[in-house]
Amino acid sequence: MSTAAAHKSQAHTSADAPPVIELRNVSKTFGEVRSLSGINFKVHPGEIVGLLGDNGAGKSTLVKTVMGFHRPDSGGEIFFQGKRIDDWSVARARGLGIETVYQERALCEKQPIWRNMFMGREPRTKWGLLDVKKMREESARLMSEHMGFTSAAVHPDNVVTTMSGGEKQGVAITRALYFDAQLVILDEPTMGLSLTETKKTLDFVAGIKKAGKSAIFIDHNIFHVYPVVDRLYVLDRGKVAGVYDKSEISMDDLIDRLYRVARSGSLE
Amino acid sequence: MATETVSAKPKNNRVAPPSMLRRHGSQLGIIGVGIAMWLSFVIAAPAVFTNANIYLAFMQTTPQFGIIAIALTFVVITGEIDLSFPSIMALGTAAFCLVTASFGQHWILGLIAGFAVGALCGLVNGLLVAKLNIPSLVITIGTSFLYRGLELVLMNGTGVPMTAKNYPELHALLRESFFGVPVQTLWMIVVLVALWVLLNRTRFGAHVFLVGDNPTSARLMGINVVSVKTRAFVLVGLMAVFAGLLTSIYGYYFWPTTGDGFLLYTIASVFLGGTSVFGGTGSVVGSFVAAFIIGAINAGIVSAGINAFYTQLAFGLVIVVSVVLQTVIERRIRRQSLTGR
Ligand SMILES: Nc1ncnc2c1ncn2[C@@H]1O[C@H](COP(=O)(O)OP(=O)(O)O)[C@@H](O)[C@H]1O
Ligand SMILES: [Mg+2]
């Protein structure tokens with residue numbers, strides 16, 4: 001990988017604040033398959049990081065490792081705001097303000113929207129009981145105001161199975177944005193979305209930046225990624241093949257390099 | 001931004017709520033079946049079914065398996081099954097008898113021991129299923145023999161009399177009628193209310209649905225699938241012991257074979273009540289009503305003077321027809337074709 005680029009990117013960010021999340025030497029092996037090997041990766045506060053790479057490069061595995069869904073092989077370390085965390089878990093990550101729109105959406109499709117919206121972080125009343133009323137009302141408000149969904153299928157009591165692909169994705173995105181996370185991860189969020197839905201999603205990513213929050217953005221369409229990100233990681237067969245500040249690489253140059261990676265496994 | 005707690009209703013009136021039928025289809029269905037069956041009994045044998053005695057009879061016996069059915073609903077919603085509860089009924093009640101007898105008829109200690117054993121049996125089931133990922137259908141057949149075997153060895157195959165003389169308080173709690181209402185049914189209502197709240201108004205209950213619907217999604221969102229499933233099995237263990245005590249005290253005797261014959265009634269109640277074998281959906285109210293339907297068929301056929309051989313036939317008809325209807329209606333509601341998707 002280009003170490004020079006990695007160094008420069010370090011210099012560009014707010015030097016004093018530690019990264020929101022950092023992976024050091026993280027590998028992940030599933031039986032015989034090594035999906036990640038020796039990954040060094042970080043996201044600074046207020047930074048939008050793009051993650052590019054072919055199918056199977058390990059992008060989703062990286063995301064799930066950041067979320068604590070996968071435990072890294074021994075030797076890998078995860079740091080949250082500069083502190084090493086050993087008992088990382090999804091519940092922990094979400095509790096600390098990391099939300100993800102997973103590639104597979106992670107919905108429970110037989111359940112109504114309101115159960116999906118608050119999955120794993122259900123609000124409770126002062127009696128400690130589930131605040132179903134709030135879950136219903138907030139779901140209705142978020143789906144219509146936030147996502148602008150107005151079809152009959154998005155009533156909070158409707159089950160997710162009956163919804164369109166875009167509407168399902170809307171639930172997953174709204175859910176990630178609701179909790180006011182400091183780091184939002186979006187794994188191919190525009191897949192299967194209409195033109196207007198895609199634009200809305202990209203606007204959301206831009207909105208994260210404006211709100212001073214961080215994001216990791218994965219998308220195969222470089223025209224989606226390049227305009228909104230500050231920094232880019234290129235992943236190839238489980239390794240970081242390159243890290244670029246947006247300022248040091250043009251979109252054309254980036255496209256060239258991605259083709260080269262796909263052919264030869266090297267960016268240069 | 002996104003976290004404001006404005007509770008404004010959506011302005012757009014195209015957002016329509018799903019119909020009552022779609023939301024509560026299976027519960028309404030089972031209540032309908034119950035009413036239809038009751039009416040046909042009343043028409044067939046009015047003398048019997050307008051007399052309170054018949055109701056008193058099955059209100060004493062139905063809770064003996066109905067209470068377990070309500071708890072088993074949790075396990076089935078998580079997408080699992082527990083076939084070992086009849087053995088847990090016996091093992092827990094055996095623990096009650098042994099501890100009570102060895103501590104000078106101290107029945108409170110006995111209750112603690114009984115419920116502890118039930119919880120432990122459920123914990124073992126749950127950990128084997130959830131932690132080791134063993135299919136529950138297979139492993140709970142195994143633990144069923146294990147628990148039953150343990151109980152038979154402990155009791156040396158003999159029973160224990162459980163008369164009111166030994167512990168009058170417990171008889172008052174679990175056997176005597178309460179202002180004319182069979183106390184067993186009151187207990188079953190208490191269990192229904194408590195477990196309804198647990199299923200529909202706690203995080204644990206919310207996670208039961210999510211885990212049964214899609215365990216991977218649940219895990220990705222930070223839900224501890226192992227813990228949720230294990231707790232559901234523990235719940236069945238506890239309620240099995242409670243049912244075992246109700247059953248034994250009702251008969252004034254603990255039989256080492258306690259629980260035999262309960263398996264199918266209980267499981268049938270859960271499925272007849274509209275809980276899906278695929279996990280993710282289900283209702284404790286459905287299981288409650290269904291248990292009484294099954295209890296009523298039993299009592300009704302015998303009391304109506306119909307040959308008892310017809311009982312099984314009637315069960316079969318009611319269960320098969322109801323489940324088929326539920327499936328057909330469910331798919332209609334969800335606009336899926338019957339022969340695939
Ligand atoms: N749970 C898993 N078990 C086994 N192999 C996996 C698992 N998750 C991912 N992989 C493998 O890891 C590699 C990277 O996958 P993934 O991270 O999904 O790539 P990407 O998101 O970049 O397309 C693939 O070869 C995939 O088959
Ligand atoms: Mg992926």
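**Backbone angles and a ligand shell**

Tutor: Let's start with Asn25(A), which is partly exposed, with a relative accessible area of 44%. Keep in mind that this is a predicted model.

Student: OK, so why does Asn25(A) count as partly exposed?

Tutor: Because its 44% falls between the two cut-offs: buried means under 20% and exposed means over 50%.

Student: Got it. And where does Asn25(A) lie?

Tutor: Asn25(A) is part of strand β1 of chain A, which covers residues 21–30.

Student: What's up with the phi of Asn25(A)?

Tutor: The phi of Asn25(A) is positive, about 55 degrees, even though the residue isn't a glycine. As background, most residues other than glycine have a negative phi.

Student: What about Asn133(B), what's its phi?

Tutor: Asn133(B) isn't a glycine either, and its phi is positive too, near 60 degrees. You'll find Asn133(B) in the loop between α5 (107–131) and α6 (136–155) of chain B.

Student: Is Asn133(B) buried or exposed?

Tutor: Asn133(B) counts as exposed, because its relative accessibility is 66% and the cut-off for exposed is over 50%.

Student: Switching topic: which residues are around ligand 1?

Tutor: They include Phe30(A), Ser35(A), Asp54(A), Lys59(A), Thr61(A) and Gln103(A). Sorted by class, the shell has two nonpolar, seven polar and two charged residues.

Student: Which helix gives the most to that shell?

Tutor: That's helix α2 of chain A, residues 59–66, with three residues.

Student: Where do polar atoms come up to ligand 1?

Tutor: A polar side-chain atom of Thr61(A) is 2.5 Å from an oxygen atom of the ligand. On the backbone side, a polar atom of Lys59(A) lies 2.8 Å from an oxygen of ligand 1, and for a polar backbone atom of Ala57(A) the distance to a ligand oxygen is 3.2 Å.

Student: And how much of ligand 1 does the protein cover?

Tutor: On its own, ligand 1 has 550 Å² of accessible area, and the protein covers 61% of that.

Student: What is Lys64(A) in contact with?

Tutor: Setting aside neighbours within four places in sequence, Lys64(A) is in contact with Phe69(A), His70(A), Tyr102(A) and Glu104(A), plus Leu220(B) from chain B.

Notes
Residues are numbered from 1 along each chain as its sequence is written. Chains are lettered from A and ligands numbered from 1 in the order in which they are written. This is a predicted model: local features need pLDDT of at least 70, side-chain atom pairs count only at pLDDT 80 or more; totals for chains, interfaces and linings use all residues. Side-chain values use heavy atoms; hydrogens and water are left out. A residue is near a molecule or strand if one of its heavy atoms lies within 4 Å of it. A polar contact is a pair of N or O atoms within 3.5 Å; within protein, one must be able to donate a hydrogen and the other to accept it, and residues adjacent in sequence count only if both atoms are side-chain atoms. Accessible areas come from the Shrake-Rupley method with a 1.4 Å probe; for residues, only the protein chains shown count as cover. Helices (H or I, at least four residues) and strands (E, at least two) are DSSP runs, numbered from the N terminus. Ala, Val, Leu, Ile, Met, Phe, Trp, Tyr, Cys and Pro count as nonpolar, Asp, Glu, Lys and Arg as charged, and the others, Gly among them, as polar. Contact means heavy atoms within 4.5 Å. Buried means under 20% relative accessible area, exposed over 50%, partly exposed in between (1.4 Å probe, protein chains only).
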